[in-house]
Amino acid sequence: MKRVNIGGQAVLEGIMMKGPESYALAVRKPDKEIDVQVTKYKSMGERHKALNIPVIRGIVSFIESLYIGIGTLMKSSEYFEEEEEDKKTQQKESEQNKPDQKKQEQNKSGSDKGYMILTLVISLAIAIGVFVLLPAAVANLLYKVTNNSIVVNLFEGVLRLAIFLGYVALISLMEDIKRTFMYHGAEHKTINCLEAGADLTVENVRKYTRFHKRCGTSFVFIVMIISVIVFMFVKTDVLWIRLLSRLLLIPGIAGISYEFIRYAGKHDNACSTILSQPGLWVQRLTTKEPDDSMIEVAIKSVEAVIDWREYVDCVRNNSFEK
């Protein structure tokens with residue numbers, strides 16, 4: 001077995017876990033049973049080697065993660081829709097119209113995919129508008145009182161971080177988000193347990209930290225830190241040029257940030273630990289200690305994408321394929 005980096009995402013009452021050949025969605029249903037859906041998936045970087053070069057692979061991975069993340073989040077919400085009667089009616093109708101069933105499923109699949117892409121585009125537009133363009137526009141007003149571009153760009157970076165941290169702090173007050181952050185903690189604890197070479201049992205997983213260097217929260221935070229440095233080189237008080245430069249530089253910043261997270265996740269030295277610390281601090285907001293039922297869901301999601309017993313054995317014996 002090869003050493004792989006398992007990663008995931010917390011969703012509504014569940015966890016999505018991505019393995020080397022597939023990703024799994026494990027959800028605790030209203031009846032308290034755990035439902036697991038596995039989807040085979042091969043990344044664009046594996047299919048096209050040109051997309052697997054440094055920085056470029058980060059941009060591709062970021063887009064893929066958003067697409068999978070939004071899709072699994074939407075699927076998890078379907079478990080809790082109060083439409084049982086409609087489902088029964090649809091089931092009866094499908095039994096009466098079996099010849100059309102396959103066609104209807106194909107149409108639904110195409111519709112869902114289109115809706116996911118639309119949701120992704122809208123989500124990205126809102127995020128870029130709030131966390132990138134808004135701070136840049138507000139900071140540009142400082143040119144009315146100073147010509148120092150360093151001061152203006154630093155203020156923009158601080159404002160961007162403040163908006164992000166304030167947003168996370170506010171949504172963490174919502175009950176559903178609190179539970180999602182608990183599932184986020186369960187995801188991290190389970191991955192840490194796996195990577196430490198311990199059997200995936202609730203008792204074992206509970207012992208591990210809820211923080212992880214490869215977390216998406218850390219990635220977003222690193223993006224903001226690196227953006228402060230990169231934007232320092234753009235010195236202009238013309239608003240439209242300022243905003244356009246931010247839009248054009250976003251992919252490159254995301255790619256550089258991915259390489260940083262990738263390095264930190266693969267190395268356990270003083271340098272990676274120190275540089276990862278700010279992101280780990282932010283995870284105190286986005287992760288909470290899970291209960292045992294959430295850890296059970298996390299274990300199920302890992303089991304669906306990798307043979308964790310074989311993996312743990314390779315960790316213990318250092319016998320991964322070179």
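Before you click anything, one term: a residue is buried if its relative accessible area is under 20%, exposed if over 50%, and partly exposed in between (1.4 Å probe, protein chains only). Residues are numbered from 1 along each chain as its sequence is written. You're looking at a predicted model, where local features need pLDDT of at least 70 and side-chain atom pairs count only at pLDDT 80 or more, while totals for chains, interfaces and linings use all residues; side-chain values use heavy atoms, with hydrogens and water left out.

**Colour by confidence.** pLDDT is the predictor's confidence in each residue, from 0 to 100. The chain average is 87, and 90% of the residues score at least 70. Now select residues 101–106: pLDDT stays under 50 there. The model has 1 contact (heavy atoms within 4.5 Å) for this stretch beyond four places in sequence.

Strands (E, at least two residues) and helices (H or I, at least four) are DSSP runs, numbered from the N terminus. Select residues 7–11, strand E1, and residues 14–18, strand E2; they pair in the antiparallel sense over 5 bridges. Two strands count as paired if DSSP finds at least two bridges between them. Ala10 faces Ile15 in E2. The hairpin has 2 residues between its strands, and Glu13 in the turn has a positive phi of about 55°.

Rings of Phe, Tyr and Trp (its six-membered ring) pair if their centres lie within 6.5 Å; planes under 30 degrees apart are stacked, over 60 edge-to-face, and the rest tilted. By that rule there are 5 aromatic pairs. Select Phe62 and Phe219: the centres are 5.6 Å apart and the planes at 35°, so this pair is tilted. Phe62 lies in helix H2 (residues 56–78) and Phe219 in helix H8 (residues 216–231), so the pair ties together parts that are 157 residues apart in sequence. Which of the two is buried, and which is partly exposed? Phe219 is buried, at 13% relative accessibility, whereas Phe62 is partly exposed at 29%.

Next, select Phe131 and Tyr167, an edge-to-face pair with 5.7 Å centre to centre and 70° between the planes. Phe131 is in helix H4 (residues 98–140) and Tyr167 in helix H5 (residues 149–171), 36 residues apart. Phe131 is buried at 16%; Tyr167, at 43%, is partly exposed.

**Last stop.** Select Arg246 and Phe231. The charged end of Arg246 sits over the ring of Phe231, 4.2 Å from its centre. That label applies if NZ of Lys or CZ of Arg is within 6 Å of the ring centre and within 35 degrees of the ring normal.
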